[in-house]
Amino acid sequence: METGGAHTKLVPALPLRDIIIFPHMVVPLFVGREKSINALDQAMTEEKDILLVTQINAKTNDPRPEEIYKVGCLGTIVQLLRLPDGTVKVLVEGNKRARIKGYTQTDPYFMAEVEEIYEDREMTVELEALMRSVKNTFETYVKLNKRIPPEMLSSVSVIDDSARLADTIVAHLNLKLPDKQSILEIDVPRDRLEKLLSLMHGEIEILQVERKIRTRVKKQMEKTQKEYYLNEQMQAIQKELGERDDFNNEIQELEAKVKKKKMSKEATNKIKKEIKKLKMMSPMSAEATVVRNYIDWVLSLPWAEKTKDSLEVKMAQTILDEDHYGLKKTKERILEYLAVQKLVGKLKGPILCLVGPPGVGKTSLGKSIARACERKFVRISLGGVRDEAEIRGHRRTYIGAMPGKVIQSVKKAGSNNPVFLMDEIDKMNMDFRGDPASALLEVLDPEQNFSFNDHYLDLDYDLSDVMFIATANSLNGIPPPLMDRMEIIRLAGYTEDEKLAIANKYLVKKQMETNGLTKDDISFSNSAVRAIIRHYTREAGVRNLERELANICRKVARGIAELAEGEARKKTSVSSKNVPAFLGVTKYRYGLAEEKDEIGICTGLAWTEVGGEILQTEVTIMPGKGKVNITGKLGDVMKESAQAAMSVVRSHAREMGLRKDFFEKIDIHIHVPEGAIPKDGPSAGITMTTAITSALMRIPVKKDVAMTGEITLRGKVLPIGGLKEKLLAAHRALIKKVLIPKENEKDLKEVPNNVKKAMRIIPVSYIEEVLAHALCIKDISELFKQKDKDVDLLEIYDTGEKQAEIPLATIPLPVIDTTGTTQPNA
């Protein structure tokens, strides 16, 4: 029948699973569903075409009309064969595309009203070019896909019909069902070829990747097979030579060690698994070496081995005193630990951090502590360490992996309770490889280090019995969380008497032995050692002192070595008079920082990483326009101290008898010598105030007075840090009087008694007290004489006249005279 110019007809429909039939395609089908067999019978009886259409879901056994695609292929039955099991084998050939308009019946088979799809077969130049591209691309596809016979290329090459070309090629492509259906539903051959070309390009890319994978897998398999073959040959050779038996014997030895070794349950189970893996491997394989190294590492660690502490406190004190002079606080802490250990029986190891300048004996003290406790001693240097793996170790996935320095050192010690010294903990760095300081948080935390997990071992190891001792020159380089886990013990520098005692007791003997000398060859007088300390060293520790003693011993050794054979040795007595003959010209001036009382020069005290130092502050006044120059490579804090000191003086100019506009007519230059050395900190506040006042009022500052303290705008003296080191520096410089903040008076307990006896230490609270002690005046009342006189500073400089000075603070305070006695206000 004809409908609107389009030819429609009724034909039986055969729903297909997992296959799409295209025109010109001959395909065998196995039909088993009752409806499908009925449709075939109907088509054979009436000699009609049959509609070959695919159902959307292949798993549906009885599809409804809406579950079947709308476009299929009209085909004819070429051959039909009924099988014994009731199924039918049929050979069908696709003829034309057809679109389903509807179904007239669905039972006992599908009867569909279909419309044949007309295809435009007009050939154009563009279509011909597209056909060539499709043929070339299909040729590439066939070369990559070995499932398509090469003869197919010759069949395709002779097709000159665009529609048939597309249908023939798509039938041989390994496409998804929806993609094939989309090709079937395209009416225009040119659009069909374009879609086909796009799908072929995608399939070619997939085939190329598959080919690469196959090639790589094939090579790997060949390599594996080759290795297997060679290993089999090697095992056969080893069997003849007896080497395999050696490997088995080695494994048996490891198993025996595991049984004898006292380890944690976790470590025992882990090693048993590793040995089991090792048995399955070839002894010559690379992985076997990795596993064997791991087993050796775990078995070599001291899991339960420990040394017994010597709990005799008096004996330990004797050993510490033998090895080190002074260091009272540190020794007390170690003896306290041993005493508590004796009473309690089990105590977590302390984590101490010795902070002090170089050469004061921090590292050697660790060895003495180990000797006093009768423990093993290990040391690692953390200076410059920037990789977290140095602490925690490398994971076993890396080539050349090994445990971190903590586990390595414990293995080296051979016991799980050594004295563990971590040197230069303040000099660690951080970069892209991690932060070693953060890794140390677990190591140095008594609440965590009982289960320290090294990346290489991947096992918990107990570090709670280890006595950790860290050393540092300064706390500035230690992160606060790490500092919080350690007990800080400060080691200040030694006094001259302590250095003399250390030299006589330790250093001289050590250098004599090192240089092959005896008591009959050389002797040092106390005056000689003092001369070396005073004129050839300037340090908080004794490192340079030892170098100078070694220098003298070497010269004496050379003199003995140059003696003629048989010539008798002469004893060399080193005294203060002949020290320059050995060491040359003196390097440092010993004595006061200044030789006389001077105007505008005041001696301050500074703390550095290598101990205390004296610091001169110079102030000079010159005609100008009110400019203040601050030089000497000062830090921001110290510059602010200078500005605060200047503000204190300016705010009290009237009391000093200066004109209101005095500042506009002069320039003030504040300089701290040794300009190449950076300086910072607030403790030079009162020093600068005193120097500025001295320069303005032309009153000299006493040469034997030094001071330290922060100044406020109200003239109050605030506390500072590093008092002990600063007082030791003042003592070395023969300072007779030191002014310190009142609130630092409590810190004097840590200062050696000989230092306190050698100088007068005066606590001060306000700047009046500082000026009264520092300036060359008889009484504090002299400072009030010029009040309200409007003195012109330029006239003073022109005439050279000295002008008395006025106090800076306005609040009433007790007047303190230079003898230190307190008097009521006048």
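How do the axes of helix α2 and helix α4 cross, and within what distance do they come? In this predicted model, the axes of α2 (residues 125-144) and α4 (residues 162-170) come within 11 Å, and the crossing angle is roughly 20°. Because angles under 35 degrees count as roughly parallel, α2 is described as roughly parallel to α4. The crossing of these two helices is left-handed. On the α2 side, the contact is made by Leu127, Met131, Val134, Lys135 and Phe138. On the α4 side, Ser162, Leu165 and Ile169 take part. By class, the residues in the contact of α2 with α4 comprise six nonpolar, one polar and one charged.

The crossing of α21 with α22 is right-handed. Helix α21 contributes Met638, Ser641, Ala642, Ala645, Met646, Val648 and Val649 to the contact. Helix α22 contributes Gly685, Met688, Thr689, Ile692, Thr693 and Leu696. Of the residues in the contact of α21 with α22, nine are nonpolar, four are polar and none is charged.

Aromatic pairs were also examined. The structure holds five of them, including the pair of Trp303 and Tyr461. A pair of aromatic rings is described by the distance of the centres and the angle of the planes. For Trp303 and Tyr461, the centres are 5.0 Å apart and the planes are at 65°, an edge-to-face arrangement. Trp303 is located in the loop between α9 (286-300) and α10 (313-323), whereas Tyr461 belongs to strand β12 (residues 460-461), so the pair ties together parts that are 158 residues apart in sequence. Trp303 has a relative accessibility of 12% and therefore counts as buried. Tyr461 is likewise buried, with a relative accessible area of 1%.

Tyr461 is also one of the residues in contact with Asn449. Asn449 is placed in the loop between α15 (436-443) and β11 (452-453). With a relative accessible area of 3%, Asn449 is buried. When neighbours within four places in sequence are left aside, the residues in contact with Asn449 are Ile351, Glu442, Val443, Tyr461, Asp462, Leu463, Ser464 and Phe468.

Backbone geometry was considered at several loop positions. Most residues other than glycine have a negative phi, and most peptide bonds are trans. Asp107 and Pro108 are joined by a cis peptide bond, with omega about 5°. Pro108 is found in the loop between β6 (88-105) and β7 (110-116). His24 has a positive phi, near 70°, although this residue is not glycine. The position of His24 is in the loop between β2 (6-16) and β3 (26-31). His24 is partly exposed, its relative accessible area being 37%. Lys633, also a residue other than glycine, has a positive phi near 55°.

Notes: Residues numbered from 1 in each chain as written. Predicted model: local features only at pLDDT ≥ 70, side-chain atom pairs only at ≥ 80, totals over all residues. Heavy atoms only, no water. Axes fitted to C-alpha atoms, helices over the stretch in contact; angles between N-to-C directions. Helix = DSSP H or I, 4+ residues; strand = E, 2+ residues; numbered from the N terminus. Parallel < 35°, antiparallel > 145°, perpendicular 65-115°, else oblique. Left-handed = near helix turned anticlockwise from the far one by under 90°. Contact = heavy atoms within 4.5 Å. Nonpolar A, V, L, I, M, F, W, Y, C, P; charged D, E, K, R; others polar. Phe/Tyr/Trp six-rings, centres within 6.5 Å; stacked < 30°, edge-to-face > 60°. Buried < 20%, exposed > 50% of the residue type's maximum accessible area, 1.4 Å probe, protein only.
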